[in-house]
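Please open the model in your viewer and keep the selection panel at hand. The stops below are meant to be taken in order.

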Amino acid sequence: MVKTFGSFLLFLQSMLSRGERFKTLWNRTIDEAILIGVDSVFIVSLVSAFIGAVTCVQISYNLVNPLIPKATIGYMVREMTILELAPTITSIVLAGKVGSSIAGGLGTMRITEQIDALEVMGINSSSYLVLPRILASLLMFPLLVILAMGLSIMGGYIAGTLSGSISAQEYIEGIREDFIPYNILFALIKSLVFAFLISAISSFKGFNTRGGALEVGAASTGAVTNSIIAILIADFVLAAVLL
């Protein structure tokens, strides 16, 4: 494990040596941002909307005490969404979609010797292939998390009002009650950390693939598994340190 972690740090260091020109890096980052961010909008929207809806329905089901105001449902949906569900669940979903895509793409390039060809031409392959993916993830993950926050709260609103669990006025009153702006910042910090972990770990697993198609599949699976474990550990550490 120590050897692997050391190799990971050297891999990150290699990205910053002999970097590409800014124009090349910018164009590559935009291309990756489209693949990572724009192509993930549908799955993030779908998951976040239904998570908000289910959260609202389940909270209303358990909130049977008549002394507790109905607006508490909206308050709890907002807090759970911003602090945990939007950044963490979204990142876990993206670990499966984006992480496996990054690892599979780089692994295929490795076994077909495309990465070796770049190095023969004098191009720093890690800087050209990996750094844009990490920068694109750092750019797009916070935007996807913000989208997930809004859609999750909206999903709770629609589910609550359609099921009759809570009125629209009570739900809006709840989501406006005792709002702490720092929670938004905390969620965005989490999204940046998760973005780096997913993109860096997946790139490391794919970049160091050896063998054939079977090993590419194993690298993709390992990238998703390790990314999710890293997300959960980082989630606890960030909550303990920043809250």
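**A tour by selection**

Begin by selecting Arg28, Glu32 and Arg133, which a network of salt bridges links together; a salt bridge here is a side-chain nitrogen of Lys or Arg within 4 Å of a carboxyl oxygen of Asp or Glu. The model is predicted, so that local features need pLDDT of at least 70 and side-chain atom pairs count only at pLDDT 80 or more, while totals for chains, interfaces and linings use all residues. Residues are numbered from 1 along each chain as its sequence is written, and side-chain values use heavy atoms, with hydrogens and water left out.

For Arg133 and Glu32 the closest N and O atoms are 3.8 Å apart. Because Arg133 lies in helix 7 (residues 131–163) and Glu32 in helix 2, this pair ties together parts that are 101 residues apart in sequence.

Now colour by accessibility, where buried means under 20% relative accessible area, exposed over 50%, and partly exposed in between (1.4 Å probe, protein chains only). Arg28 is buried at 13%, Glu32 is buried at 7%, and Arg133 is buried at 10%.

Next, select Arg110 and Asp116, whose side chains meet in a salt bridge at 3.1 Å, N to O. Arg110 is buried at 10% relative accessibility, whereas Asp116, at 30%, counts as partly exposed.

Definitions and conventions
Helices (H or I, at least four residues) and strands (E, at least two) are DSSP runs, numbered from the N terminus.
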